Amino acid sequence: MRAKIKFIGPISSAKTYLLIMGFYGLIIAIYSVFRDYVWPANGHPEVGISLLIVNPLLYGLIGAFIGAIGAIVYNWTVKYVGGVEVHMQELSEPKSTEQQ
């Protein structure tokens, strides 16, 4: 089955990117805190703890902004070049093991 993506909702795209990038920011913050405790370069490893809050929020907000802008740009370009073509395969329902 072939289909084209003709529209991406900017709000739903922003929410998706907010969660993805927020999680990514949390992973980076955890790594940074670990690194600061193992190899304290600046002599203040407690500063890294604030990254556990600030980093996911900052990455999430930037991700939401980029997700919304990306969806708006995609929706604008679809008018001129069509949409992204996606090939899908319809799957059959799994067979039930229960006897009817």
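1. A71 has a relative accessible area of 2% and is therefore buried, the cut-off for that class being under 20%. The model in which this value was computed is a predicted one. A71 belongs to helix α2.

2. Leaving aside residues up to four places away in sequence, A71 touches I8, G9, P10 and S13. I8 is 63 residues from A71 along the chain, yet the C-alpha atoms of the two are separated by 5.5 Å.

3. S13 is placed in helix α1, which covers residues 10–38. With a relative accessibility of 10%, S13 also counts as buried. When residues up to four places away in sequence are not counted, the contacts of S13 are I8, G67, A68 and A71. The side chain of S13 also reaches the backbone oxygen of G67, at 2.9 Å.

4. Helix α1 may be examined for its length and its buried positions. At 1.5 Å a residue, its 29 residues should span 42 Å, and the end C-alpha atoms are 41 Å apart, so the two values agree. The buried residues in α1 are S13, A14, G22, G25, A29, S32, V33 and D36.

5. As to the overall arrangement, the protein has two helices and two strands, and their order along the sequence is β-α-α-β. Among contacts with a separation of 6 or more, 81% are between residues 24 or more positions apart. Of the 100 residues in the protein, 23% are buried. The accessible surface amounts to about 8100 Å², and carbon and sulfur atoms account for 69% of that surface.

6. How many salt bridges does a search of the whole structure find? The search finds one. E85 and R2 form a salt bridge in which the closest N and O atoms are 3.0 Å apart. This pair connects distant parts of the chain, with E85 in strand β2 (residues 84–87) and R2 in strand β1 (residues 2–5), 83 residues apart. In general terms, side chains of opposite charge can pair when their charged atoms come close.

7. Aromatic pairs are two in number in this structure. In one of them, the ring centres of W76 and Y80 are 5.3 Å apart and the ring planes stand at 70°, so the pair is edge-to-face; the angle required for that description is over 60 degrees. Both W76 and Y80 lie in helix α2 (residues 47–81), at positions four residues apart, which is about one turn of the helix. An α-helix has 3.6 residues a turn, so residues three or four places apart point the same way. Y80 is exposed, its relative accessible area being 59%.

8. A71 is buried at 2% relative accessible area, while Y80 is exposed at 59%.

Technical notes:
Residues numbered from 1 in each chain as written. Predicted model: local features only at pLDDT ≥ 70, side-chain atom pairs only at ≥ 80, totals over all residues. Heavy atoms only, no water. Phe/Tyr/Trp six-rings, centres within 6.5 Å; stacked < 30°, edge-to-face > 60°. Buried < 20%, exposed > 50% of the residue type's maximum accessible area, 1.4 Å probe, protein only. Polar contact = N/O pair within 3.5 Å; in protein donor to acceptor, adjacent residues only side chain to side chain. Contact = heavy atoms within 4.5 Å. Areas by Shrake-Rupley, 256 points an atom, 1.4 Å probe, with all protein chains shown as cover. Salt bridge = Lys/Arg side-chain N within 4 Å of Asp/Glu carboxyl O. Expected span 1.5 Å × (residues − 1).
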